[in-house]
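Dear colleague,

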Amino acid sequence: MAAEVRRNSIAVPIKNIERELICPICKELFTHPLILPCQHSVCHKCVRELLMLSHDDSFDAGSECSMPGSPRSRVPSPSMERLDRLVRSGGSRGSMSSPGWRRNSVTPRVTAIPCPGCQHDIELGERGISMLFRNFTLENIVERYRQAARAAVAIMCNVCKPPLPPQEATKSCMDCKASYCNECFKLNHPWGTPKAQHEYVGPTTNFRPKVLMCPEHEMEKVNMYCEVCRRPVCHLCKLGGSHANHKVTSMSSAYKILKEKLAKSIHYLISKEDQVRTQISDLDVLIKQTEENGQLSEREAIAHFDRLFETLQERKTEMLRSIDQSRNRRLDQLKGQVEEYQGMLENSGLVGYAQEVLKETDQSCFVQTAKQLHVRIQRATESLRTFHPASNPCFDEFVLDTSKEEMLLKEMCFGGVPDPPLIDLSRSRVYNEATICWRLSDDHIATDHQLLEYRRLGGRGQSPAPPQEDGVDSGSWRTTERVYGASTVVCDLEPDSLYAFRVRSCRSSMYSPYSPEVTFHTPPAPAFGFLFNDKCGFSAERLVLSKRRDSVESQAGMAFLLASERVQTGSYIGLDYIIGDMGITQGRHFWAFRVEAHSYMVKVGVASDTKLLEWFHNPRDTSSPRYDQDSGHDSGSEDACYELSQPFTLLTLGMGKLFIPKASASSVSSSSALVSTAASERVLPMPQRVGVCLDYDAGRVYFYDADTMRCLYERQVECSGTMYPAFGLMGGGRVHLEDFITAKRLTF
């Protein structure tokens with residue numbers, strides 16, 4: 001397989017792999033690349049710049065600055081030997097004495113930088129970049145690329161002495177770290193001397209160390225591979241370092257396995273070359289279609305808006321015409337009224353004429369003339385008493401309310417129907433309250449809000465509600481209020497029930513389709529909130545508690561080394577116990593947590609305070625196997641008596657497995673699915689999340705797979721006094737409490 005890959009790899013010129021040799025930060029060819037824990041590579045100088053940008057008091061602030069304008073940027077690069085010392089020690093001598101970090105500092109410094117490749121935060125730890133390996137393989141490939149790029153520029157001999165001009169080098173010695181012509185190589189590596197055994201290669205300027213050294217133990221070679229951390233380690237790392245309880249394999253075995261996997265992957269890619277070319281052609285067609293469809297959409301949008309503009313222009317012209325006609329009509333009416341009143345002023349002779357008529361003494365003649373004159377005078381008098389304009393100057397009937405039209409224009413949807421969101425199962429948690437999280441679509445157009453719907457399908461052992469004939473589920477969906485983020489909380493869920501959830505997005509009054517339905521099973525009891533107790537029986541020497549007291553870690557360190565003599569004589573080392581800071585005196589309660597997969601042995605369950613007092617105050621024989629209830633010492637009734645005296649009722653997890661205790665009629669329910677004592681049936685894969693339910697009144701404890709709410713094991717427990725969540729750890733291991741379990745306690 002490897003030979004076939006080598007034959008096929010000839011078809012791929014080295015000049016075509018330039019994109020793989022570019023640092024993601026400086027966008028140049030890698031210079032002394034370092035491998036980050038996420039397996040991405042970054043230039044050594046770029047890692048230092050990241051540290052200085054992230055922390056003003058970075059421990060590497062005293063090393064050579066590579067920022068533009070710095071006086072140290074003009075200093076020549078250090079030699080490869082000095083660079084190795086820098087990588088192993090975390091910086092130059094000046095940086096070791098900087099105030100941000102000291103090698104022998106009592107308080108370790110934890111430094112985090114973002115990986116430019118995957119954007120994950122990289123915890124470098126107190127030793128900083130000294131914990132990172134140099135990527136020698138990548139350095140060699142970059143050097144070969146440089147040589148291929150400058151094939152016309154020869155590498156000259158470093159040893160030729162004047163006055164003769166230096167000759168072109170034909171060999172480079174990896175031990176001497178120099179290049180030689182044929183004559184100089186023979187003179188400096190004569191037969192029969194130790195130098196004749198030096199390793200030499202073709203002419204190169206890249207001299208790397210012959211072996212890879214452990215960054216944690218500077219004088220040790222790496223000779224093993226940690227399968228948990230996926231990195232090379234030395235034997236000291238495995239014996240008592242950070243990889244003490246990790247699964248490791250020999251370097252030769254890891255080399256063989258990884259090389260076979262890489263060869264198979266390369267062969268698969270090469271065999272799929274025609275398929276890749278076809279897919280590239282399909283993508284070219286899609287690009288062309290995208291351009292054409294985009295132009296078509298632009299033309300259609302322009303046509304739509306042109307029609308809107310034409311309609312608005314027509315309505316504008318019609319409205320202006322109506323206003324002009326109304327204005328002219330009102331002006332005519334008002335002008336006519338003005339003329340009428342002007343006539344009243346001009347007819348002032350009417351008054352004089354009336355006065356002359358009053359002088360008439362003949363009654364019959366006066367009545368004949370005064371009747372018509374009185375009507376004219378009365379009409380003029382009435383118009384003066386009740387003055388009304390002939391027309392209203394206001395144009396209120398022409399005031400437009402365009403708020404609805406403006407709203408319609410603003411809500412006009414140009415993005416189409418939004419894509420449905422997807423509910424994130426890994427981040428969603430369901431207890432008596434549910435925290436449902438989802439991922440929004442990647443169409444780059446923001447949505448207005450989301451609506452979450454949920455319904456109860458049934459309880460444990462009940463089948464889901466059947467659909468009606470019209471296809472609508474009989475279980476009614478309940479809708480939450482508008483959600484303006486990517487998560488929401490649903491309250492008042494019934495215990496031990498199956499719920500379905502779905503979500504959809506809204507943009508410009510248009511709703512997306514519903515997301516695929518997901519189901520969650522609520523715990524059999526309300527969530528019980530607590531933190532780890534750092535006061536009662538907590539061993540600070542062997543257990544490390546987080547600041548928030550929501551996670552605890554057992555470290556295989558000095559305690560095991562001090563007990564090495566007793567281990568050799570067959571003595572059993574006990575568990576380190578820790579309990580919760582809140583107790584239970586009645587009812588049913590549920591809590592969940594996560595056990596790290598690499599944990600050696602972790603026991604989880606409950607403990608009684610009355611028995612804990614006796615347990616802590618009475619002396620115990622720690623040299624006896626009975627120091628722990630699962631020590632493997634079986635002797636019938638004596639075990640039963642010992643088990644009754646224990647304050648703990650625990651279930652064992654470790655090394656990626658869950659171990660069911662040996663069943664007995666007195667301890668395991670007859671209805672339990674796991675009553676067999678066969679060894680193969682007692683070992684189950686460790687769940688991602690473990691749940692514990694204590695029924696104080698019934699005196700039973702249940703252990704669940706918290707993701708599926710499947711009961712793995714149950715047993716009788718004597719509930720006396722106050723019962724506490726209990727955990728026991730031995731060797732390397734870690735337990736994390738669920739956020740929902742700790743949220744109320746942390747808020748309090």
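Phe305, Leu308, Phe309, Leu312 and Leu409 make a nonpolar surface patch of about 470 Å² (patch residues have over 30% relative accessible area and no salt bridge, and nonpolar side chains are joined within 5 Å; a salt bridge is a Lys or Arg side-chain nitrogen within 4 Å of an Asp or Glu carboxyl oxygen; areas are Shrake-Rupley values with a 1.4 Å probe). Helix H9 (residues 273–346) gives the largest share of this patch, four residues, where helices are DSSP runs of H or I of at least four residues and strands are runs of E of at least two, numbered from the N terminus.

This is a predicted model, in which local features need pLDDT of at least 70 and side-chain atom pairs pLDDT 80 or more, while totals for chains, interfaces and linings use all residues. Residues are numbered from 1 along each chain as its sequence is written, and side-chain values use heavy atoms, without hydrogens or water.

The whole structure holds 16 aromatic pairs (ring centres of Phe, Tyr or the six-membered ring of Trp within 6.5 Å; planes under 30 degrees apart are stacked, over 60 edge-to-face, the rest tilted). Among them, Tyr180 and Phe185 are edge-to-face, at 6.0 Å centre to centre and 70° between the planes, and both residues are buried (under 20% relative accessible area, with exposed over 50% and partly exposed in between, for a 1.4 Å probe and protein chains only).

A search for disulfides (cysteine sulfur atoms within 2.5 Å) finds zero; the sulfur nearest to that of Cys181 belongs to Cys184, 3.5 Å away.

Best regards

Methods:
Patches are made of residues with over 30% relative accessible area and no salt bridge: like charges are joined within 9 Å, nonpolar side chains (Val, Leu, Ile, Met, Phe, Trp, Tyr) within 5 Å.
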